[in-house]
Amino acid sequence: MHPEAGRVADPAGLVDVARLITAYYAEHPDPAEPGQRVAFGTSGHRGSALNLSFNDDHIAATSQAICEYRAAQGIDGPLFLAKDTHALSEPAAATATEVFAANGVTLLLDSHDGYTPTPSLSRAVLTHNRGRTSGLADGVVITPSHNPPQDGGFKYNPPHGGPADTDATGWIQDRANELLAAGLAGVKRIPLARARAAETTGTYDFLDRYVADLPLAVDLDAIRAAGVRIGADPLGGSSVAYWGEIGERYGLDLTVVNPLVDATFRFMTRDWDGKIRMDCSSPYAMASLIENRATYQIATGNDADADRHGIVTPDGGLLNPNAYLAVAIDYLVAHRDGWPAGAAIGKTLVSSAMIDRVAAALGRTVVEVPVGFKWFVSGLLDSSLLFGGEESAGASFLCRDGSVWTTDKDGPLLCLLAAEIAAVTGRSPSERYAELTAKFGDPAYARIDAPATPAQKDVLKKLTPDQVTATELAGEPIRERLTAAPGNGAAIGGLKVTTENGWFAARPSGTEDVYKIYAESFMGADHLAQIQAEAREVVQAALGGA
């Protein structure tokens, strides 16, 4: 734990924005270096100009690759372009605009020249495409999510409005790297002034359309009638203008706790490792809001692109993301009469088993998928999933009439739902969770890291169930050994082992020589520690001599 965790950063430790922007334009990556190539992970390409992993060359090449991908897929509608408040997002948006316009793409920029949350872009794509079979829209969000201030990110959302699958991202990544290796030969580009003035470049009022549609998904009348006091902290991110508009338009008792935007994020408290990180699920990053929790009935935080949520209550402080997912599901199924009776609940395989117990009591099926919100897209789109949620504080759910709201994570939606829960039930989400634990048990959940060589990580990714020879875990018979998600059969890139009252999942890190162990016990902290210890032994035995 860093000694400054939970404290506001010293000015001397803030990112040098001028140096960062200069590096974006002046430095050029070496495509022969793996760390300097375009690399699409679960949330697009991320990196920093300071280490030659997010520079003008990367964005020009990736934007050109997206143009060629669109053409190959017959996507000829508008492309919505959104950006968050990170310092590198503005120059990256300029680069992308120059390339998209040069390729004749119909480009829609924010009409306020402001910041656009990921869910607002998802909603825009879906709204445009509703009822269409041609002229379909897609979008790009320029954001590294909750990453530190020196980072940049660039992600693509195809016409379904959610995160792109690996077929799309793999094609775009490979083509972008070909363009980098060719010295950007083949990249079309025009100056920014011409690009903005092009006939194919227009604007779209993301904020107005998103805020106007919110009553389709959340009972804002109930929140207003109950007078729920809400404190919304955008954490310096793209939801900053949205929260003020939501409060004013719907007459809510809503205070924007911190309306400041500063590319250094100097107002943030340091995360557990001393870094500035806009992680609304971290008690260290959310320390200021937690300290003032008595001021509001519901206090909320969002990360920089507002696709994640953090819920703080006077009685419970920062609610664990898994706990809030269970509370949200329990409430929504009971208060959404318009939802399809057969619609299921989507969860990632490292989310709490409390969700399974709640769903069983509600008579709903659980669809358990690998990590990544992309696995929920099709189900939310066709309403076969009523809710999709990740343990990392990202979720979305259907409109009140059972139609799709967004196919990407929506932080403000889940924050407003917390206020609706308080308004309708008269109890905070943390009080509601206490009721669930009294009924279903009180799980202990944690994630730890264990060392692994690159060779061991590769073996772990490719394990088969028969390689796990253990028959017991922490004193209980093993029920399942999973290397594919039960909800869709997709490879989980690791291992999950379950018993009656506990489970663990092990997945290799994509950035470090460790593997992550997620574990949970309904028999207390000591049993959880036993699961964690035995999980290491089970994994090491399965890895053999790797």
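**Close-up 1. Packing of helix 1 on helix 3 in the predicted model**. Helix 1 (residues 17–26) packs against helix 3 (residues 89–102) at an angle of about 25 degrees, and their axes are 10 Å apart. Axes are lines fitted to C-alpha atoms, for helices over the stretch in contact, with angles from 0 to 180 degrees between N-to-C directions. Helices (H or I, at least four residues) and strands (E, at least two) are DSSP runs numbered from the N terminus. Helix 1 and helix 3 are therefore roughly parallel to each other; angles under 35 degrees count as roughly parallel, over 145 as roughly antiparallel, 65 to 115 as roughly perpendicular and the rest as oblique. Ile 21, Tyr 24 and Tyr 25 of helix 1 make the contact with Pro 91, Ala 92, Ala 94 and Thr 95 of helix 3 (contact: heavy atoms within 4.5 Å). This contact has 6 nonpolar, 1 polar and no charged residues. Ala, Val, Leu, Ile, Met, Phe, Trp, Tyr, Cys and Pro count as nonpolar, Asp, Glu, Lys and Arg as charged, and the others, Gly among them, as polar.

Residues are numbered from 1 along each chain as its sequence is written, and side-chain values use heavy atoms, with hydrogens and water left out. In this predicted model, local features need pLDDT of at least 70 and side-chain atom pairs count only at pLDDT 80 or more, while totals for chains, interfaces and linings use all residues.

**Close-up 2. Crossing of helix 2 and helix 3**. The axes of helix 2 (residues 56–73) and helix 3 cross at roughly 40 degrees and come within 9 Å. That makes helix 2 oblique to helix 3. On the helix 2 side, the contact residues include Asp 56, Ile 59 and Cys 67; Ala 92, Thr 95, Ala 96, Val 99 and Phe 100 come from helix 3. By class, the contact residues divide into 8 nonpolar, 3 polar and 1 charged.

**Close-up 3. Packing of helix 11 on helix 12**. Helix 11 (residues 321–335) and helix 12 pack at about 10 degrees, with axes 9 Å apart. That makes helix 11 roughly parallel to helix 12. Leu 325, Ala 326, Ile 329, Asp 330 and Val 333 in helix 11 meet Met 354, Ile 355, Val 358 and Leu 362 in helix 12. The contact residues comprise 8 nonpolar, no polar and 1 charged.

**Close-up 4. Elements lining the second largest pocket**. Helix 12 (354–362), strand 20 (480–484), strand 21 (491–498) and strand 22 (502–508) each give two or more residues to the lining. The lining residues divide into 5 nonpolar, 4 polar and 8 charged. A pocket is an open set of points on a 1 Å grid over the protein atoms alone, where a 1.4 Å probe fits, with protein on both sides within 12 Å along at least five of seven lines; lining residues have an atom within 4 Å of a point.
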